[in-house]
Amino acid sequence: MSAVLPPRERVVAWLTMMMRIRSLEAACAELYGAGKIRGFLHLYDGEEAVAVGAVAHLGAEDAMVATYREHGHALARGMSMRSILAEMLGRAEGCSKGRGGSMHLFDVSKRFYGGLAIVGAGLPIATGLALADKLQKTGGVTACFFGEGAAAEGSFHESMNLAALWELPVLFLCENNLYAMGTALSRSEAVTDFVAKARAYGVAAELVDGMDVLEVDAAVAQALAAIRATGRPYFLECQTYRFRAHSMFDAQLYRSKTEVEEWKKRDPIVGLRERAIAAGLIGADEVTTIQQRIDDEVRDAIAFAERGTLEPVEELTKDVYAHTPGTPLRTPPAGREGGDAWRP
Amino acid sequence: MATVTYREAVKRGLRAALMSEPRAFLMGEDVGAYGGCYAVSKGLLAEFGPERIRDCPLAENGFVGAGIGAALGGVRPIVEVMTCNFSLLALDQIVNNAATLRHMSGGQLSVPIVIRMATGAGRQLAAQHSHSFEGWFAHIPGIRVLAPATLEDARGMLPAALAEPDPVLIFEHINLYAMEGELADDAGAVDLDRALIRRPGTDATIVTYGASVWKALEAARALEEQGVSAEVVDLRTLRPLDDQTILSSVARTHRLVVVDEGWRSGSISAEIVARVVEAAFDELDHEPVRVCSAEVPIPYAKHLEDAALPSVAGIVEAALEVCHA
């Protein structure tokens, strides 16, 4: 654990963002119970320090790829709670117009490329985004979040190799929460040291305490500096833990209540809050005020989502293609046109 | 006008694309130093350099996915997959990502990627290098599926595909690469939306695509000698299908034969017959007949491979059957 806390504004920003994520997820669970959110719902409680500590370092030129457990990453990237909750309620005002739901949040204006729900599939996509940035000399880095379960997929190994071989600016962030759905790491991987796996491909790699936002912050700062200096990829294994079930259909037969309670003692929000209070950076009353503001934000976002509209069924087949045959090509809506930036 | 091979026509399309679109680059297994498994990209590495002619490791899901990511990021990858059998290793990225992202993101994302692959049988490459999966891919909304049969299309579909804001898959039949013919020096991009009548006729419509177009044309010549005038429709694009050209041909001939190197069950030939029956049942004077590959993994031995594939004789027989001749 880092000895010295950074300036107050940063600590308050981290704490606030982690509390916003925790509160958003609580609201999601409630809305799910009420039948207003359907489908699969995967909550991020316990893992907040990873997204919050990492995303704070990303600029507008950087890109992000995340998984189906991505509400926190979307919020940390600056997407509004309104657009996220409206998406989960299937509303046209949702960030993906209600077509994606919980697992498929997108915001091209923030270079947030999902919200991808096939385990491991985001790694090649992130590798390609980094290739595009390298070719176009944008200076952007792509942050790719994935769970440790993805390391069993071929796409993990193929992407490590490609990113190292082609020297691509990707920050691979493995959120190791010890369970691939309900299968413990030791029951699915012969070698459980992911840092060693990344290094085997020539990718610089470090192990990080993913329950401590200060540790994530420091590691990501160093990794990004290295990527920006060398153009080469970097891998961080963030050891963390999911406090809630894998999804809302999970009886958690694969882990003990004691284990969960032990990890909860390392709650990243409680940890930072108590240290900040002890250091005199923030008062308990101020934390209460922050929580009240967040509660208001959540209430507002739920109300926004509930009064949202449904995309007209007539638009069901819109956007399968940019244009239908026989009609003129529309200007490609790709988020970033290369323009003159890349001249080989 | 010059005599060139289909292989050279594809290469001309590639060169034109690379020269006119500075964001375009070619990536795939052995496209660079080796010159392409089917020698399509021979010489391009020296001309365009390793940044734009990018050799890939044997990792189809990884490099096709990286191509999709690169397209999302604003460049224009042309990905070569050595054969369509190998594309099965990249199905996840093509079907779950490339095909879905525009719709699933509410129209925010665009995946302007072109994926080229070799398809088809006839070179005694046996059951892991000879199959025709274009019909499978044509099942998927969100992607376009092209099958160039002629030199003009081999040359012109690539730049047209590159201009598309959506994923386009191009299936080049391995038997066509060595085919020679005349190609205009100023041949350019072609329309991707329309099927074309390669030979007009009045008695029966033969709908096909890719290398089978040439078998159908040969069959049509044989049929002519027997007094049957066959019209050959080249689909060119398997998704989206140009229903109009098919239906208007059937409305003239009232008889339909579909030739497809894919297997019959659940095939593009089944889709075409279904559409004609749904939309023009009353126009038909005979049940449609299909000529497809035998439902076996394509075997190595020449006589068995030949027996497994649609043949000119089989197409003639089918056309005579629908004409009651």
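A residue counts as buried under 20% relative accessible area, as exposed over 50%, and as partly exposed in between. That scale runs through this tour of a predicted model. Take Ala92(A) to begin. Its relative accessibility is 25%, so Ala92(A) counts as partly exposed.

Where does Ala92(A) lie? It sits in the loop of chain A that runs between helix 4 (81–88) and strand 2 (112–115). Set aside the neighbours within four places in sequence, and Ala92(A) is in contact with Lys97(A), Thr309(A), Leu310(A) and Glu311(A). Look also at Lys318(A), 226 residues away from Ala92(A) along the chain. The C-alpha atoms of Ala92(A) and Lys318(A) are separated by 13 Å.

Now step back to chain A as a whole. Its secondary structure comes to 12 helices and eight strands. The C-alpha trace spans about 65 × 50 × 40 Å along its principal axes. Does the radius of gyration of chain A agree or disagree with that of a compact globule? A compact globule with 344 residues would have a radius of gyration near 20 Å; chain A has 20 Å, so the two agree. Of the 344 residues, 56% count as buried. Contacts also reach along the sequence. Take those in chain A between residues at least 6 apart: 75% of them join residues at least 24 apart.

Two backbone details in chain A deserve a look. The first topic is a peptide bond. Gly114(A) and Gly115(A) are joined by a cis peptide bond, with omega about 15 degrees. Gly115(A) belongs to strand 2 of chain A. The next topic is a phi angle. Leu178(A) is not a glycine, yet its phi is positive, near 80 degrees. Leu178(A) is in the loop between strand 4 (170–176) and strand 5 (179–180) of chain A. With a relative accessible area of 27%, Leu178(A) falls in the partly exposed class.

Turn next to the place where the chains meet. Chain A gives 49 residues to the contact, and chain B gives 53 residues. The size of an interface is often given as the accessible area lost when the parts come together. Here chain A and chain B bury about 4,300 Å² between them. Carbon and sulfur atoms account for 64% of that area. How many salt bridges cross the interface of chain A and chain B? The rule finds zero. Polar contacts are another matter: 17 residue pairs across the interface of chain A and chain B make them, with both residues at pLDDT 80 or more.

Which elements of chain A give two or more residues to the side that touches chain B? They are helix 5 (122–136) and helix 6 (154–165) of chain A. Helix 5 gives the most, with nine residues. By class, the side of chain A that touches chain B has 27 nonpolar, 11 polar and 11 charged residues.

What does Thr237(B) contact, beyond its neighbours within four places in sequence? The partners are Val145(B), Leu146(B) and Leu192(B).

Is Arg236(B) buried or exposed? It is buried: its relative accessible area is 2%, and the limit for that class is under 20%. Arg236(B) also has a positive phi of about 65 degrees, although it is not a glycine.

Follow the chain on to Pro240(B). The peptide bond from Arg239(B) to Pro240(B) is cis, with omega near -5 degrees. Pro240(B) sits in the loop between strand 12 (237–239) and helix 9 (243–253) of chain B.

The last stop is Leu304(B). This residue is in helix 11 (residues 302–308) of chain B. Its relative accessible area is 42%, so Leu304(B) is partly exposed. Leu304(B) and Asp242(B) are 62 residues apart in sequence. In space they are 34 Å apart, C-alpha to C-alpha.

Key:
Residues numbered from 1 in each chain as written. Chains lettered and ligands numbered in written order. Predicted model: local features only at pLDDT ≥ 70, side-chain atom pairs only at ≥ 80, totals over all residues. Heavy atoms only, no water. Contact = heavy atoms within 4.5 Å. Buried area = accessible area lost by both parts, 1.4 Å probe. Salt bridge = Lys/Arg side-chain N within 4 Å of Asp/Glu carboxyl O. Polar contact = N/O pair within 3.5 Å; in protein donor to acceptor, adjacent residues only side chain to side chain. Helix = DSSP H or I, 4+ residues; strand = E, 2+ residues; numbered from the N terminus. Nonpolar A, V, L, I, M, F, W, Y, C, P; charged D, E, K, R; others polar. Buried < 20%, exposed > 50% of the residue type's maximum accessible area, 1.4 Å probe, protein only. Rg over C-alpha atoms; globule rule 2.2 N^0.38 Å.
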